[in-house]
Amino acid sequence: MNKIIEVQNVSVSYNNLKACENISFSIDKNQIIGIIGPNGSGKSTLVKAIMGLIKIDDGIIKIMDKPIYKIRKKIAYVPQRSNIDFDFPISVEEVVMMGRYPHMLWWKKANNKDKKIVKDSLNMVGVYEKRKNQIGELSGGEQQKVFLARALAQEAEILFLDEPFAGIDIASENKIMDILKKLKKEGKTLFVVHHDLNKAGNYFDIIILLKNKLIELGEHDKVLNINNLEKVYKDKISIINNNLMVANI
Amino acid sequence: MENISFFIQSLGKYQYLQNAIIAAILVGIICGVIGCFIILRGMALMGDAISHAVLPGVAIAHFLGFSLIIGATITGVITAIGIGFISQNSKIKHDSAIGIMFTAAFALGIVLITANRGTGVDLWHILFGNVLAVSTSDVISVFYISLIILLGIFMFYKQLLISTFDPIMAKSIGLPTKLIHYVLMLTLSLVTVISLKTVGIVLVVAMLITPGATAYLLTNKLPKMILLSSVFGISSAIIGVYLSFIYDVATGASIVLVASTIFILSFIFSPKQGMLKNKFNIIKNKNLIESSEFNG
Ligand SMILES: Nc1ncnc2c1ncn2[C@@H]1O[C@H](COP(=O)(O)OP(=O)(O)O)[C@@H](O)[C@H]1O
Ligand SMILES: [Mg+2]
């Protein structure tokens, strides 16, 4: 089986509010998948459901043919930056070391291999010089790179990134995208939650277009047509020089 | 000076004073350490709630003659579970759920105690401490409970750290974040019990929050924050017991006021985030803006 993730008839609700409704799809491994839709369309909820972080009302989710709880170590998560307390008394290096926790015995401290992997991860994303800084002292882009480094240190097969490009500079965005492409070459599968359509085409092999229901799944050209976008973004789209434009929300 | 030597002399003479100060120091350490995690998890209100919620357990344990520790942890944990249940299964917000549950438990405790006047349970002493009554066996049990809590924190430091900093990742790598939460609530109940005689139920939250918050202003490294917090806890304990002895005022309140004073000092003078520093920065920035306006 090449399908790395299978989602069948999955629904999730919060106190009667349906955030995800009867969603089904399956994904081949070794791709970069964009999960796209406006704010509140259930993107984060879908990711949390796949990762087994919230209870689903209905449906079946399998990762590499197994239920999530058998395979947690192989999955890394890069949180939405707004969910992190950047005043927390913790250094860049310590955050990245958390990526090694699933590989450590519960009472043990980091060994030399862990330290080397942390160092390499920091170097790969280019924030090694700031390893001793408290995380709040970094720019938004650098903070995002730190959390990517943490996912790298985890050596996972599948990565979920929730809005990694929100509120960061374009140079950091490009750097992060380069790293994601490199990870794909190494055989990883990457899910990227994204609410800005304008660049989606170049970034993702497959797009999952979401508005609480699954609107469409497929390659860029198939998904991003005016019909689908109208369903999802309603009045926020316009066509300029034959290019679809979506107002940023 | 005279006062200090009088205090030291009395400390040598009176067993109760020795017990009081040792118990206060242990409480200062343990509250200081746990308090750091409570603050960073944004659970100050929860700390207040659980400490109040041990009251009915303590009362029942008194009447039926079993261990206060068991009584307190039972009602403390039941309250925590009740709060979680209400906020997860209705649209009531977490802080409202806390408000509903802990006042209910506290009121139940007061009713139980006032309904059983004449059994020798003094409500005032439970609420505000009674440092004269700290026995040697109290000190011993405070010591062992503190030791167990500290050991637990030391052994599960990684798990505590990650579930505090990034609960979503903690859950995603399979840590039992709910269990960690409830163990922490249980620990809060224990901490309240061991603080019962020195600071009492009502003020124990100050010992949890104030030294930790003081330390939070002074450093951005967690191990250092924990260390500083317990140092502030210890200093508040010693100075507080001393002041209450010399001026003959309530010990718990005296300890808490010392902790508050240390907080205010660091709030004003903290080199990193203190008020003076901020003022200074504002003035500096203003000058910069003015001079750049002038140049431009
Ligand atoms: N913890 C929660 N409790 C209640 N409602 C929630 C919670 N998380 C999300 N929601 C609601 O579910 C819907 C989908 O949210 P979310 O998955 O975060 O959307 P997105 O990530 O696409 O912006 C929104 O209407 C949001 O308000
Ligand atoms: Mg989201």
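Entry 1: A:Asp221. I found that the side chain of A:Asp221 makes a polar contact with the side chain of A:His220 at 2.9 Å. A polar contact is a pair of N or O atoms within 3.5 Å; within protein, one must be able to donate a hydrogen and the other to accept it, and residues adjacent in sequence count only if both atoms are side-chain atoms. I placed A:Asp221 in helix α7 (residues 220–223) of chain A. Helices (H or I, at least four residues) and strands (E, at least two) are DSSP runs numbered from the N terminus. A:Asp221 is exposed, with a relative accessible area of 65%; exposed means over 50%, with a 1.4 Å probe and protein chains only. From A:Tyr14, A:Asp221 is 207 residues away in sequence and 33 Å away in space, C-alpha to C-alpha.

Entry 2: basis. I note that this is a predicted model, in which local features need pLDDT of at least 70 and side-chain atom pairs count only at pLDDT 80 or more, while totals for chains, interfaces and linings use all residues. Residues are numbered from 1 along each chain as its sequence is written, chains are lettered from A and ligands numbered from 1 in the order in which they are written, and side-chain values use heavy atoms, with hydrogens and water left out.

Entry 3: ligand 1. I listed the residues around ligand 1 (a heavy atom within 4 Å); among them are A:Tyr14, A:Pro38, A:Ser41, A:Lys43 and A:Thr45. An N or O atom in the side chain of A:Thr45 is 2.4 Å from a ligand oxygen atom. A polar side-chain atom of A:Lys43 lies 2.9 Å from an oxygen atom of ligand 1, and a backbone N or O atom of A:Ser41 lies 3.2 Å from one. The protein buries 59% of the 560 Å² that ligand 1 exposes when taken alone, by the Shrake-Rupley method with a 1.4 Å probe. The largest share of the shell, 3 residues, comes from α1(A).

Entry 4: largest pocket. I recorded about 1,700 Å³ of space in the largest pocket. A pocket is an open set of points on a 1 Å grid over the protein atoms alone, where a 1.4 Å probe fits, with protein on both sides within 12 Å along at least five of seven lines; lining residues have an atom within 4 Å of a point. Grid points are joined across faces, edges and corners, and the volume is the space filled by probe spheres set on the points. The lining has 42 residues, with A:Leu53 and B:Gln88 among those nearest the centre. Its largest share, 5 residues, comes from α5(B).

Note on methods:
Buried < 20%, exposed > 50% of the residue type's maximum accessible area, 1.4 Å probe, protein only.
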